[in-house]
Amino acid sequence: MSGLDAFCTWLAATAPSQWLQNVEWIVPAVQTVHILCVAAVVASALMIELQMLRVGGRGAEVAAMARRFGPFVWWPLPVLAASGSVLIVAEPARSLENPVFVLKMALLLLVVGATVAGIRPLRTDPGYWERSAGRRAGARVLGAITLALWVGIVFAGRWIAYVRAA
Amino acid sequence: MLDELCQRLEATAVATAIREGSAWFPWIESVHVLALTLVVGSIAHVDLRLIGFVGRGRSVADTTAAMLPITWSAFVVAATSGALLFASNATAYAHNDFFRAKIALIALAGVNMLAFHGLVGRDAAGWRDAASTPRRARVAGALSLLLWIGVVACGRWIGFTLSAPT
């Protein structure tokens with residue numbers, strides 16, 4: 001039995017996990033909150049990244065979009081972490097020992113990095129991504145990568161239910 | 001009559017392939033989840049603007065124009081993927097209370113939207129701040145938000161009450 005196996009077995013036997021396992025409506029309710037937060041994040045991210053793909057069209061619109069929708073990408077994240085943690089405690093092995101869950105977490109780290117890389121330069125220079133042909137190309141590539149990562153995260157989230165824990 | 005229709009639907013080649021292939025269902029379901037997060041996330045932005053919670057410096061018409069293309073394209077994808085998932089197991093879905101509630105809530109959200117556009121939405125370009133957002137507009141926004149939260153919750157509960165993976 002690996003250390004992770006042992007941890008999952010221990011966690012599943014704790015009082016909070018037992019309670020979550022025995023109250024039927026908790027898991028779907030927490031999943032509902034989780035999906036609603038994902039909805040806020042991906043719709044907002046789409047607005048920002050579509051503007052990254054259209055960079056060079058008009059004015060400093062990426063910066064305007066990032067100001068407008070950035071908060072809806074960032075502040076659901078703590079709620080997602082909290083609701084995700086509850087789901088892990090409720091069914092430790094289903095997630096922690098599942099390769100798709102690990103993939104989802106890896107994609108999440110990457111998408112945070114990619115989003116920060118896209119938004120951060122705008123703080124000091126709202127027209128940063130418009131300044132040269134090279135930067136415009138960079139914005140389009142970064143926007144496409146970020147969108148692909150979000151799609152991967154949503155798909156991985158659903159596939160956790162279908163891939164058996166390792 | 002309904003059951004007969006469902007059985008016919010289940011017997012189609014597409015429905016049989018989705019039901020019997022091991023990967024079709026989760027892939028289509030992943031597309032469904034991605035599309036519905038975009039539908040709900042984009043509508044939530046409009047609703048929160050109507051309520052006056054966000055984007056007060058921008059007219060409702062502005063916000064609606066920015067979000068609705070995403071809402072409608074995502075809705076077409078969500079409805080199509082949802083129809084395919086339904087077809088694969090039509091009788092069971094048709095008899096599932098949460099599925100029925102979900103369809104009813106989507107219909108109500110549609111009626112709410114039509115009523116809003118007909119009754120209070122026409123002069124939406126004029127509302128520059130929350131103070132001048134008519135009460136009816138705020139009620140329509142809050143109602144829409146609640147209905148869509150209900151849609152997501154029912155969708156999640158279908159997974160726990162039908163004998164498919166959760």
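How much space lies in the largest cavity?

1. About 40 Å³ of space lies in the largest cavity, where a cavity is a set of points on a 1 Å grid over the protein atoms alone at which a 1.4 Å probe fits but cannot get out, and a volume is the space filled by probe spheres set on the points, which are joined across faces, edges and corners. The model is predicted, with local features needing pLDDT of at least 70 and side-chain atom pairs counting only at pLDDT 80 or more, while totals for chains, interfaces and linings use all residues. Residues are numbered from 1 along each chain as its sequence is written, and side-chain values use heavy atoms, with hydrogens and water left out.

2. The lining of the largest cavity (residues with an atom within 4 Å of a point) includes Ile48(A), Glu49(A), Met52(A) and Val62(A). Both α3 (26-53) and α7 (99-124) of chain A supply at least two lining residues each, helices being DSSP runs of H or I with at least four residues, numbered from the N terminus; the largest share, 5 residues, comes from α7(A).

3. By class, the lining of the largest cavity comprises 6 nonpolar, 2 polar and 1 charged residues, with Ala, Val, Leu, Ile, Met, Phe, Trp, Tyr, Cys and Pro taken as nonpolar, Asp, Glu, Lys and Arg as charged, and the others, Gly among them, as polar.

4. Around the second largest cavity, the lining residues include Trp74(A), Thr115(A) and Trp150(A), and the elements giving two or more residues are α4 (61-74) and α7 of chain A. This lining has 6 nonpolar, 1 polar and no charged residues.

Technical notes:
Chains lettered and ligands numbered in written order. 1 Å grid on protein atoms, 1.4 Å probe; cavity = no way out; pocket = protein on both sides within 12 Å on 5 of 7 lines; lining within 4 Å.
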